[in-house]
Amino acid sequence: SGGGTGLGLAALLVDAFRWSTVDLPEPGTAERMGTELFQSWVLPFEVLSVLLLSALVGAIAISVRIPGRRQ
């Protein structure tokens, strides 16, 4: 039942989008990605790094067993 439904949906999508084309942007380079990251996205990048660091410290703090403390 599920396989037949999946096959039917796949056939429907292939038929609906058979002649559609998508113009792809030119491939990026490491230089272009670095420029974009450190000019336009530096603040969100730094906020994300602090968030991930605090999550890591919190996970370590939760997982540490303290002798004599009941869990």
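This report walks through a predicted model, one part at a time.

## Ground rules

Residues are counted from 1 along each chain as its sequence is written. In this predicted model, local features need pLDDT of at least 70 and side-chain atom pairs count only at pLDDT 80 or more, while totals for chains, interfaces and linings use all residues; side-chain values use heavy atoms, with hydrogens and water left out.

## The 42-64 stretch

UniProt, in an unreviewed entry, lists residues 42-64 as "transmembrane region" (such annotations may be inferred rather than shown by experiment). In the model, this span is 96% helix and 0% strand, and its end C-alpha atoms sit 33 Å apart. Helices here are DSSP runs of H or I with at least four residues, and strands are E runs of at least two, numbered from the N terminus.

Leu53 belongs to helix 3, residues 42-63. Leu53 counts as exposed because its relative accessibility is 52% (exposed is over 50%, buried under 20%, partly exposed in between, using a 1.4 Å probe and protein chains only).

## A salt bridge

The structure has one salt bridge, meaning a side-chain nitrogen of Lys or Arg within 4 Å of a carboxyl oxygen of Asp or Glu. The partners are Arg32 and Glu26, with their closest N and O atoms 3.3 Å apart. Arg32 is partly exposed at 43%, and Glu26 is exposed at 60%.

## Out in the loop

Val22 sits in the loop between helix 1 (2-16) and helix 2 (30-40). With 67% relative accessibility, Val22 is exposed. Val22 and Leu43 are 21 residues apart along the chain, and 32 Å separates their C-alpha atoms.
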